[in-house]
Amino acid sequence: MMLSQRTQTIQPPGTSRMRTIANEMKARGIEVINFAAGELDVDTFELIKEGARGAIASGKNTYTPTLGLPALRQQVSRVVSRHTGLDYSMEEVGLTAGAKQALYNAAMVLLDPGDEVIIPSPYWVTFPTQVELAQGRPVFVDTRPSKYQLLASDVEKAIGPKTRAIIINSPNNPTGVVYDASELERIAALAIKHGLWIIFDECYASLVRAGHRHAHILTSHPELKARAILVNSFSKSHALTGWRLGYVAAPAPVIKAMANLQGHTTSNPSAVAQYAISHALDRDDGQFIATVNRALDERLERALAIIADMPDITAAPAQGAFYLFLDVSAYLGKRLGDRTIDDVDVFCELALDQAHIALVSGAAFGDPSSVRLSYAIGDNDVMEGLGRLRELLRRLN
Ligand SMILES: Cc1ncc(COP(=O)(O)O)c(C=O)c1O
């Protein structure tokens with residue numbers, strides 16, 4: 001069947017492959033521990049459900065304006081203003097079907113064919129694909145030599161005449177690293193100097209481990225607001241991945257262009273989800289996310305103790321989100337029986353069929369030396385799964 005050339009560049013996200021296989025194994029009765037999840041393991045909170053029930057009971061079934069209910073846009077603009085310390089109006093924000101759509105909108109309204117977009121690597125799988133769909137060209141900056149921190153000096157080297165934007169994701173998926181305020185400050189200065197857009201994906205901003213702080217790209221350079229596209233989501237902060245609600249904050253003309261695009265693609269994000277969030281936003285006392293963070297802090301500490309006992313495995317600094325990113329390169333080339341671990345994909349396959357643990361291969365994130373594990377999967381599963389991984393590593397030679 002002949003499909004468009006565009007389809008040739010789109011592969012299914014590498015993150016979902018392992019999840020699918022793990023679920024199939026589970027359905028066959030195998031006790032798989034699924035470290036491949038990209039979402040919290042807790043239910044959302046009562047205020048959200050109350051808001052959704054209210055919306056359904058009162059028949060809120062119709063379309064809303066494309067970029068969301070005016071009242072919700074007002075609320076979100078207040079959230080963004082508080083968060084950035086800058087003044088955002090409702091014309092400068094829009095609701096989207098998850099952060100994914102906000103990012104897609106950004107690529108589509110900013111990029112012309114051949115425009116380059118700087119993407120720190122390892123990267124969340126969707127960034128380069130969306131840039132390519134918009135006929136842009138991803139230019140990767142390797143963060144591995146700087147312990148996964150994004151250095152302004154490396155960004156500067158990647159800037160060329162065709163550079164249009166830089167995508168920054170902090171706290172980072174897949175590494176769990178929170179970018180340094182001082183580096184963000186220098187990158188903001190570079191963006192201003194070279195007239196670049198910053199796409200700032202802060203979907204994990206509220207998920208930061210004890211002792212760390214999420215730094216904002218606009219703090220040091222408020223004037224960058226004119227060139228910043230802030231992307232956020234309720235998926236991770238409110239345990240609502242399936243409801244598909246995210247948002248974008250950007251200069252009003254950008255938001256208007258996104259409204260035109262979104263009006264011809266999906267129109268408004270789910271009305272019930274919008275009413276539910278609107279109900280919860282002004283009433284939320286912050287207890288939900290505080291409890292989630294406390295549980296993740298404790299779990300991470302116990303997880304790191306087991307990882308410390310795995311010879312030749314190094315973990316990226318786990319400062320935010322809920323991911324552990326382990327460098328397994330010391331094990332590539334080793335053997336288990338007659339199987340050689342040729343690459344990190346084989347490592348993950350072996351982990352799945354020998355230890356029944358589903359990991360995501362770093363190759364999906366542009367890093368063929370590492371694997372990603374989510375520790376948002378329940379205390380017992382994390383400990384049991386890491387125990388199995390440690391045991392598997394001992395068997396490799
Ligand atoms: C860095 C990053 N950005 C965006 C998203 C998309 O989130 P949403 O569910 O809001 O579309 C994800 C989801 O995993 C993510 O990790």
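Begin by selecting helix α14 (residues 344-355) and helix α15 (residues 379-395), which pack at an angle of about 110° with their axes 11 Å apart. Helices here are DSSP runs of H or I with at least four residues, strands are runs of E with at least two, and both are numbered from the N terminus. Axes are lines fitted to C-alpha atoms, for helices over the stretch in contact, and the angles run from 0 to 180 degrees between N-to-C directions. The angle therefore makes α14 roughly perpendicular to α15 (under 35 degrees counts as roughly parallel, over 145 as roughly antiparallel, 65 to 115 as roughly perpendicular and the rest as oblique).

The model is a predicted one, in which local features need pLDDT of at least 70 and side-chain atom pairs count only at pLDDT 80 or more, whereas totals for chains, interfaces and linings use all residues. Residues are numbered from 1 along each chain as its sequence is written, and side-chain values use heavy atoms, with hydrogens and water left out.

Next, show the side chains between these two helices. F347, A351, Q354 and A355 of α14 meet R388, L389, L392, L393 and R395 of α15; contact means heavy atoms within 4.5 Å. This contact has 6 nonpolar, 1 polar and 2 charged residues (Ala, Val, Leu, Ile, Met, Phe, Trp, Tyr, Cys and Pro count as nonpolar, Asp, Glu, Lys and Arg as charged, and the others, Gly among them, as polar).

Now select helix α5 (residues 98-110) and helix α11 (residues 252-265), whose axes come within 10 Å and cross at roughly 110°. Helices α5 and α11 are therefore roughly perpendicular to each other. On the α5 side, the contact involves Q101, A102, N105, A106, M108 and V109, while α11 contributes V254, A257, M258, L261, Q262 and T265. These residues divide into 8 nonpolar, 4 polar and no charged.

Salt bridges can be displayed next. The term denotes a side-chain nitrogen of Lys or Arg within 4 Å of a carboxyl oxygen of Asp or Glu. By this rule the count comes to 19 salt bridges, and between domain 1 and domain 2 the count is 2. Select D297 and R209, a salt bridge with its closest N and O atoms 2.7 Å apart. Then select D41 and R299, where the closest N and O atoms are 3.8 Å apart. Because D41 lies in the loop between β1 (33-34) and α3 (46-57) and R299 in helix α13 (residues 287-307), this pair ties together parts that are 258 residues apart in sequence.

The tour ends at the backbone. Select S170 and P171, which are joined by a cis peptide bond with omega of about -10°. P171 lies in the loop between β5 (163-169) and α8 (181-194). P174 lies in the loop between β5 and α8, and the peptide bond from N173 to P174 is cis, with omega near 20°. Finally, select Y148, found in the loop between β4 (137-142) and α7 (152-158). Although Y148 is not a glycine, this residue has a positive phi of about 70°.
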